[in-house]
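Please consult the sequence and the structure alongside the text.

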Amino acid sequence: MNITGDRMKFLRLLSEKYPTRQQVCTEIINLQAILNLPKGTEHFMSDLHGEYEAFFHILNNSAGVIREKVDMAFEEVLTARERSSLCTLIYYPQEKLRRIHEEGRNTEEWYRFVLQKLIDLAKLLSSKYTRSKVRKAMPSEYSYILDELLHAQPDEDNNQMVYHSKIIDTLLRLEEGDDFIIALSSLIKRLAVDHLHIVGDIFDRGERPDAILNMLMDHHSLDIEWGNHDILWMGAACGSQACIAAVVRNCLSYNNISVLEQGYGISLRPLVLFAEKMYDEEDPNKAAKKAISIILFKLEGQIIRRNPEYQMEDRLLLDKVDYENACIELDDKSYPLKEKRFPTVDRDDPYKLSQAEREIMDELEKLFLESEQLQRHVEFLYSHGSMYQVFNGNLLFHGCVPLDEDGALKAIHLEGRIYQGRSYMDYADMAARRAFFSEDPPQRYLDFMWYLWCGSNSPLSGRVVKTFERTFIEDKSTWEEPKNPYYEYQSSEPVCRMLLREFGLYSENSHIINGHTPVHVNQGENPLKAHGRLIVIDGGFCKAYQKTTGIAGYTLIFNSHGMRLKSHQPFSGMEAALEENMDIDSESQQVVTFPKRVMVADTDTGERLKEQIADLEDLLTAYREGWIAAKAER
């Protein structure tokens, strides 16, 4: 065997982890066995928009997969009511147990019955994982007991079954039944979903994006593709005052300032006091929204002037306003404005902040930068997130890959260079990271965070955002927001195949998976586009969209047999789930069925395992040929 110097250095390092030939052989056998297991189940969700309670339920019921498994395992032995009750116990074990205690149903017979059913379900879900992986997924305090119970095998004299029955006896005698049910429920939920993808927009509209992030930070395996609402909050946490103003305005618009004040400890009091002085509004929040809107348009104008390469001069509107007559001329047509007074705008320099406005924004910037909870959440978004993800043959991104009118990759000019397709996405990812991690971030990267939020050629937005028109002009014809041609070409299979190739994907089983644009199911719109090559998974998870979509969100499920899309109905709430065992109704649509089962060997993890096996085989050869001295076997 011919080994280079660098390769030999690597093998010597590897030999420290596997110092004997027996250890090398054992690990090769282990990895080879893993390659021949079915791939783990992946779930894809997008556009959560702070809807914590519904997301919490879907995470708990694994998008309906747990109910399917319960029905599969117990349809012959449990009634529909009993199966529903068992599901609710798995979803919310602490809360359900509390009610069972209050109702006096926590008898020894009940515990034995429920524990056996949970053990049976855990066995079913663990069947496609190695024993080692299942053991790592177990709550540590009960890992030994769970391992024993899940791997019970009937023998000639039923010795093992008696042994396991005694384990249950002892648990109940020690009054550990509740804690063990909680541990089993946690294991079942973890085994049901191997990996979670959040395809953008955790923030805005709903009241509890902070609670969603706390939950995601505890998830065992996930990635996040940033959405335009996520990047806005990330930009605010970097110190971009334009992003901060847009975040505050959105919170006021959606009536969820509690996420700022209670979730992140950011007070709006100075802004509200200033707004009450400047505007005649009975509602202080409405006054504050007017004040922050003007501040935002001023800050946006400064960014647009600093960055002519953004080509957004048409969004400079404060200097186009006729303040005397309270109207604005757009495209040779005059439109009256809803607001008649603009007391904070300097007619000679409309994009200049007043002294009071500067002080408000400086204080808000300080609060955003010093919010420990926000900074912790945004750091998590950076560590687990990116602009796009190539994962197991699929391409994931929130919004779009900007295209030109002919459906070709659009050329984007930035910093004296031209970026297209993947190179543009990589630039955007780099710029976003420098805005946060640089000790003194360059202004151009802070500006670019705002551009990623609302720029017409931003891959996270991909449309002309008409915030000014929607705020001040009654005529809704001015509100239309032209989109990047990508959204027209979504249904073109040749264009989708071109985009997949741009990111190195050539398989017939590769798909583009998007969020961002709600699918209007009640109008007959199909989430599968380009003959199934592209899948849009924004189904209106946010309550504000559900009237127009007709559903309450999607979960795309990718397991070893194929892909299917689950469409969810609105959630009745945790109280209904606990009281009446109500679940979220979901319908399943098959996207693709594979002719043969997908194994770990066919996945990205499989490719890494094959590389590890090749390295270990080289180490074994080095031991056998004496290039490296193996330690003696014990």
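Helix α4 passes helix α5 in a right-handed crossing. The model in which this crossing is seen is a predicted one. Helix α4 covers residues 65-74 and helix α5 residues 80-91; the two pack at an angle of about 135 degrees, and their axes are 10 Å apart. This angle makes α4 oblique to α5. On the α4 side, the contact is formed by Ile66, Arg67, Val70, Asp71 and Phe74, which meet Arg83, Ser84, Leu86, Cys87, Ile90 and Tyr91 of α5. By class, these residues divide into 7 nonpolar, 1 polar and 3 charged.

Helix α5 also packs against helix α7 (residues 108-126), here at an angle of about 75 degrees and with the axes 12 Å apart. Helix α5 is therefore roughly perpendicular to α7. In this contact Leu86, Leu89 and Ile90 of α5 meet Trp110, Val114, Lys117, Leu118 and Leu121 of α7. The contact has 7 nonpolar residues, no polar ones and 1 charged residue.

Pro270, Leu271 and Phe274 in α16 meet Ala356, Glu357 and Ile360 in α18. The contact comprises 5 nonpolar residues, no polar ones and 1 charged residue.

The next topic is charge pairing. Side chains of opposite charge can pair when their charged atoms come close. In this model the count comes to 31 salt bridges.

| Salt bridge | N to O distance |
|---|---|
| Glu579 and Arg99 | 2.4 Å |
| Arg135 and Asp147 | 3.6 Å |
| Glu281 and Lys290 | 2.7 Å |

The side chains of Glu579 and Arg99 meet in a salt bridge with an N to O distance of 2.4 Å. Glu579 belongs to helix α26 (residues 574-580) and Arg99 to helix α6 (residues 93-103), so this pair ties together parts that are 480 residues apart in sequence. Glu579 is exposed, having a relative accessible area of 52%, whereas Arg99 counts as buried at 18% relative accessibility.

Arg135 and Asp147 form a salt bridge at 3.6 Å, N to O. Arg135 lies in helix α8 (residues 131-137) and Asp147 in helix α9 (residues 143-150), so the parts that this pair ties together are 12 residues apart in sequence. Arg135 counts as partly exposed, with a relative accessibility of 38%, while Asp147, at 10%, counts as buried.

For the salt bridge between Glu281 and Lys290, the N to O distance is 2.7 Å. Glu281 is partly exposed at 27% relative accessibility, and Lys290 is also partly exposed, at 22%. Salt bridges also link Glu493, Arg497, Glu508 and Arg533 in a network.

How many of the 11 residues of helix α13 (residues 228-238) are buried? The number is 11 of 11, so α13 is largely enclosed by the rest of the structure. The buried residues of this helix are Asn228, His229, Asp230, Ile231, Leu232, Trp233, Met234, Gly235, Ala236, Ala237 and Cys238. After α13 comes Gly239, which has a positive phi near 105 degrees.

Most residues other than glycine have a negative phi. Arg205 is not a glycine, yet its phi is positive, at about 75 degrees. The residue is placed in the loop between β2 (195-198) and α12 (209-217). Ala530 is another residue other than glycine with a positive phi, in this case near 55 degrees. Ala530 is located in the loop between β13 (528-529) and β14 (534-536). With a relative accessibility of 5%, Ala530 counts as buried.

Notes: Residues numbered from 1 in each chain as written. Predicted model: local features only at pLDDT ≥ 70, side-chain atom pairs only at ≥ 80, totals over all residues. Heavy atoms only, no water. Salt bridge = Lys/Arg side-chain N within 4 Å of Asp/Glu carboxyl O. Helix = DSSP H or I, 4+ residues; strand = E, 2+ residues; numbered from the N terminus. Buried < 20%, exposed > 50% of the residue type's maximum accessible area, 1.4 Å probe, protein only. Contact = heavy atoms within 4.5 Å. Nonpolar A, V, L, I, M, F, W, Y, C, P; charged D, E, K, R; others polar. Axes fitted to C-alpha atoms, helices over the stretch in contact; angles between N-to-C directions. Parallel < 35°, antiparallel > 145°, perpendicular 65-115°, else oblique. Left-handed = near helix turned anticlockwise from the far one by under 90°.
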